[in-house]
Amino acid sequence: MKIISLIENTAVDDNLFFEDGMSLFVEYNDKKYLIDTGLTGKAVDNARRMRLPIDEISGVILTHNHLAHTGGIDAVMKLNPNAQIYLRAGAKKEVFKKNGLFKSAVGQGRSFFRRYADNLILFNSFSEVCEGFYLASCEKFEEKYINPDRSYFTLGDDEKKQQPFDFSDESFAVIFPQKRKADGLILVGGCFHCGVGNMLETVEERWHGIPILAVIGGFHLSAANPKNLNVSPEFVNVTARALKQSSAEKIYACHCTGFKGFDLMDEILGDRFLYLAGGEALEF
């Protein structure tokens with residue numbers, strides 16, 4: 001099994017694009033999948049530059065409906081019109097982000113769901129992509145692990161009253177790289193809005209006792225500028241300690257983790273903690 005970072009906020013090669021988004025190319029059991037599609041079509045461009053068969057994708061997993069993860073879907077589907085798109089049903093609810101007195105939509109709108117109606121596999125809390133490759137959602141919700149960014153909201157039935165969004169669109173992948181599931185699993189998330197600690201506890205309850213070989217994803221610790229934090233150092237510590245106390249052998253951060261967030265987590269996690277830049281590959 002191989003996981004290749006198509007695009008994120010950095011790149012290891014000057015010939016590759018980078019952007020404030022995330023997309024992973026997954027080779028698993030002779031099939032190809034994408035986990036997220038980045039902010040634009042540049043993930044597809046990078047795949048071509050890395051000579052990856054981007055036109056052989058069987059399925060696209062969208063971890064949540066934010067444009068940094070779904071924005072490149074049209075470029076992907078143009079090459080793979082029959083590919084299945086996996087997304088939680090909660091993503092159909094339109095979500096906005098506060099920006100002072102203004103608001104902006106954060107994800108794909110209603111036209112996306114009409115355009116890809118025949119491709120979409122909408123699930124509530126759990127789905128199987130193929131044998132050994134699953135999508136899950138949080139079943140544990142300890143408040144201390146949930147990302148404190150409360151700027152996301154939906155509108156009530158009157159389209160006026162703002163209601164906090166509960167991230168019912170968010171899922172994460174659980175992949176077993178070996179035929180024997182007891183040999184270990186990999187947890188892949190997008191931004192861990194619901195909290196990586198909650199996801200780890202969900203995995204422990206559903207797949208009790210199975211080693212976690214790696215946790216991969218963005219931890220939503222930075223704002224637009226990756227040098228800054230958009231959460232408190234205390235929340236970073238809580239996140240890092242949840243990972244340290246888990247059985248995860250390696251943790252690979254990317255995208256919205258940010259440079260400052262990475263450095264703070266690195267102080268706690270040490271050698272177990274690594275950065276997965278655009279163009280880098282992991283094999284399991």
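Predicted model: local features only at pLDDT ≥ 70, side-chain atom pairs only at ≥ 80, totals over all residues.
## The largest pocket

Let's start with the open space. Rolling a probe the size of a water molecule over the atoms shows where empty space is left. In this model, the largest pocket has a volume of about 420 Å³. Its lining is made of 20 residues, and the ones closest to the centre are Asp20, His66, Ala68, Tyr152 and His220.

Which helix gives the largest share of this lining? Helix H2 (residues 67-70) does, with three residues. Sorted by class, the lining of the largest pocket has ten nonpolar, seven polar and three charged residues.

## A cavity inside

The model also holds one cavity of 30 Å³ or more. The space in the largest cavity comes to about 40 Å³.

Around the largest cavity you will find Tyr145, Asn147, Phe192, Gly195, Val196, Phe219, Phe235 and Thr239. This lining splits into five nonpolar and three polar residues, with no charged ones.

## Helices H5 and H6

Two packed helices are described by the angle between their axes and the distance between the axes. For helix H5 (residues 196-206) and H6, the angle is about 25° and the axes are 9 Å apart. Angles under 35 degrees count as roughly parallel, so H5 and H6 are roughly parallel to each other. Their crossing is left-handed.

Which residues meet here? The contact has four nonpolar and two polar residues, and no charged ones.

## Helices H6 and H7

H6 has another partner to look at. Helix H6 (residues 233-245) and helix H7 (residues 259-269) have axes that come within 9 Å and cross at roughly 45°. H6 and H7 are therefore oblique to each other. The crossing of H6 with H7 is right-handed.

On the H6 side, the contact is made by Pro233, Val236, Asn237, Thr239, Ala240, Arg241, Leu243 and Lys244. On the H7 side, Gly261, Leu264, Met265, Ile268 and Leu269 take part. By class, the residues of this contact are eight nonpolar, three polar and two charged.

## Gly107 in its loop

Where does Gly107 sit? You can find Gly107 in the loop between strand E7 (102-105) and helix H4 (110-115). Leaving out residues up to four places away in sequence, Gly107 touches Asn65, His66 and Leu67. His66 is also one of the residues closest to the centre of the largest pocket.

Gly107 and His69 are 38 residues apart along the chain, and their C-alpha atoms are separated by 8.7 Å.

Methods: Residues numbered from 1 in each chain as written. Heavy atoms only, no water. 1 Å grid on protein atoms, 1.4 Å probe; cavity = no way out; pocket = protein on both sides within 12 Å on 5 of 7 lines; lining within 4 Å. Points joined across faces, edges and corners; volume = space filled by probe spheres on them. Helix = DSSP H or I, 4+ residues; strand = E, 2+ residues; numbered from the N terminus. Nonpolar A, V, L, I, M, F, W, Y, C, P; charged D, E, K, R; others polar. Axes fitted to C-alpha atoms, helices over the stretch in contact; angles between N-to-C directions. Parallel < 35°, antiparallel > 145°, perpendicular 65-115°, else oblique. Left-handed = near helix turned anticlockwise from the far one by under 90°. Contact = heavy atoms within 4.5 Å.
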